[in-house]
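Here are a few exercises to work through with the model open beside you. Try each task before you read its solution.

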Amino acid sequence: MERKIEIFEAIWQILDVADIDSLTIRETAQRCNLHANTVDYYFENKDDMLLQFHEYVASKDNDNLPVYFTNVPDNIHPALAVADIVDYAIFHSDRVSRARFKLNRYLIPRMKDNERIKRYIVDGQDTLFDNYNSILNMYADAGYVKRSVIEESIYDLFIVSAGFGIENYFGYDSRYTDKVMRYQSKKIKKTLLLPEYHPLLEGLGQ
């Protein structure tokens, strides 16, 4: 596993300055002073290498999330934590690495022709749904979120975050898309949070 992590870190360094299309197993091997056959030993092909690398990157990104993704905080108001979680679900902000954006841009169009990539992405979306469901129910248990609207709100989050995908994964830029996403973000926050916490959102300009 230590050798594979070394390879993943080499890929990360390459993607900091290059696009995935130009990434090769040979270059990856050279970056970590290995023979190309050694890299081939760990991965079936380039797509397999990038799928496994995506798991590694996603795990690293998740490790860097604030503590209030796993515990109701005592250092900020929990309602503000919920608002930030909603924004993360839609916009991802700087908590998602540039390498992960590049990976998504590479993998998503290949879903149609590659069953393994399709299954990986679909399973990832199912896991993401379960994670948000668990997080928001934690805040419902603590008395900040309306439990009855959690499932509906997660559906809305997934739909709205597709707008983020259009802008960032495929390089499309529109001020109208951004306005719609921000409007929906406010709407989802108010739907989720109990009414007594709405003034906190207004204090944030939301």
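**Exercise 1.** Work out whether Arg119 counts as buried, partly exposed or exposed, then find its salt-bridge partner.

*Solution.* Start with the cut-offs: buried means under 20% relative accessible area, exposed means over 50%, and partly exposed lies in between (1.4 Å probe, protein chains only). Arg119 has 41% relative accessibility, so it counts as partly exposed. Next, apply the salt-bridge criterion, a side-chain nitrogen of Lys or Arg within 4 Å of a carboxyl oxygen of Asp or Glu. The side chain of Arg119 meets that of Asp123 at 3.0 Å, N to O. Asp123 is partly exposed too, at 35%. Helices here are DSSP runs (H or I, at least four residues), numbered from the N terminus.

A note on the ground rules: this is a predicted model, in which local features need pLDDT of at least 70 and side-chain atom pairs count only at pLDDT 80 or more, while totals for chains, interfaces and linings use all residues. Residues are numbered from 1 along each chain as its sequence is written, and side-chain values use heavy atoms, with hydrogens and water left out.

**Exercise 2.** Which parts does the salt bridge between Asp61 and Arg100 tie together?

*Solution.* First check the distance, which is 3.2 Å from N to O. Then locate the ends: Asp61 sits in helix 4 and Arg100 in helix 6 (residues 98–107), so the bridge joins parts that are 39 residues apart in sequence. Last, look at accessibility: Asp61 and Arg100 are both buried.

**Exercise 3.** Describe the salt bridge of Arg147, and say how many salt bridges the structure holds.

*Solution.* The partner of Arg147 is Asp141, with the closest N and O atoms 2.7 Å apart. Arg147 is partly exposed at 43%, whereas Asp141 is exposed at 59%. The structure holds seven salt bridges. Elsewhere, Glu44, Asp48 and Arg116 are linked in a network of them.

**Exercise 4.** How are helix 1 and helix 4 oriented to each other?

*Solution.* Take the axes as lines fitted to C-alpha atoms over the stretch in contact, with angles from 0 to 180 degrees between N-to-C directions. The axes of helix 1 (residues 2–15) and helix 4 (residues 46–63) come within 10 Å and cross at roughly 85 degrees. The helices are therefore roughly perpendicular, a class that covers 65 to 115 degrees.

Conventions:
Helix = DSSP H or I, 4+ residues; strand = E, 2+ residues; numbered from the N terminus. Parallel < 35°, antiparallel > 145°, perpendicular 65-115°, else oblique.
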